[in-house]
Amino acid sequence: MKSIAVYCSSSNDVDEAFKVEARKVGELLGKNKYKIVYGGGNMGLMGTISNSSIAAGGHVYGVITKHLIDFEKKNKSLNNLKIVTSMHERKIEMFNSSEIFLIFITPYTFAADIKPLQQGKNIQSSLGKVEESMAIICD
């Protein structure tokens with residue numbers, strides 16, 4: 001099963017157009033048996049993409065930090081959830097658990113979320129990752 005890390009907003013204030021696209025992507029990935037690896041929350045695009053994938057029969061693996069469980073509303077319908085202690089550990093787990101990377105760029109996207117992927121050339125090479133396996137969706 002191919003795995004795809006999805007980096008997206010946990011904010012509920014994201015424009016509806018992003019939610020529509022996230023729902024489509026979640027359904028498409030679920031129907032095509034991709035495993036989604038994401039931040040584990042149930043809010044914003046995180047909740048939209050994970051729940052639509054699960055509804056379409058997909059497998060979703062969430063990685064959430066202990067201090068964000070209440071803030072991002074841990075998604076209780078996940079197939080698999082890992083609770084970690086730091087954002088650094090979360091990013092490493094998501095990176096190591098994925099073959100493909102998808103980023104939804106919204107006004108709530110943080111440069112800190114994208115930078116490790118942009119600079120991942122050395123990390124990707126040492127882990128056998130392919131640089132071309134990243135897609136960015138933006139407005």
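Trainee: What makes the contact between Lys-24 and Glu-21 a salt bridge?

Mentor: In this predicted model, the side chains of Lys-24 and Glu-21 meet at 3.3 Å, N to O. The cut-off is within 4 Å for a Lys or Arg side-chain nitrogen and an Asp or Glu carboxyl oxygen, so the pair counts as a salt bridge.

Trainee: How do you know how far apart Lys-24 and Glu-21 are along helix 1?

Mentor: Lys-24 and Glu-21 are three residues apart in helix 1, so about one helical turn separates them.

Trainee: Why is Lys-24 called partly exposed?

Mentor: Its relative accessible area is 47%. Buried needs under 20% and exposed needs over 50%, so a value in between is called partly exposed. Glu-21, at 35% relative accessibility, is partly exposed too.

Trainee: How many salt bridges are there by this rule?

Mentor: The count comes to two. Besides the pair in helix 1, there is one between the side chains of Lys-82 and Glu-93.

Trainee: What makes the contact between Lys-82 and Glu-93 a salt bridge?

Mentor: The N to O value for Lys-82 and Glu-93 is 3.3 Å.

Trainee: Is Glu-93 buried or exposed?

Mentor: Glu-93 has a relative accessible area of 19%. Buried means under 20%, so Glu-93 is buried. Lys-82 has 32% and is therefore partly exposed.

Trainee: Now the strands. Why is strand 1 described as mostly covered?

Mentor: Strand 1 covers residues 3-7, and five of its five residues are buried. Ser-3, Ala-5 and Tyr-7 point one way from the strand, while Ile-4 and Val-6 point the other way. Residues on both sides are buried.

Trainee: What makes strand 1 and strand 2 a pair?

Mentor: Strand 1 and strand 2 (residues 35-38) share three bridges in the parallel sense. At least two are needed, so the strands pair. Ser-3 stands opposite Lys-35 in strand 2. From strand 1 the chain crosses through helix 1 (residues 16-31) to strand 2, and this β-α-β crossover is right-handed.

Trainee: How do you know that strand 1 pairs with strand 5?

Mentor: Strand 1 and strand 5 (residues 100-105) have four bridges, also in the parallel sense. With at least two required, this counts as pairing. Here Ala-5 stands opposite Phe-101 in strand 5.

Technical notes:
Residues are numbered from 1 along each chain as its sequence is written. This is a predicted model: local features need pLDDT of at least 70, side-chain atom pairs count only at pLDDT 80 or more; totals for chains, interfaces and linings use all residues. Side-chain values use heavy atoms; hydrogens and water are left out. Buried means under 20% relative accessible area, exposed over 50%, partly exposed in between (1.4 Å probe, protein chains only). A crossover is right-handed if, with the strands pointing away from the viewer, the path from the first strand over the helix to the second runs clockwise.
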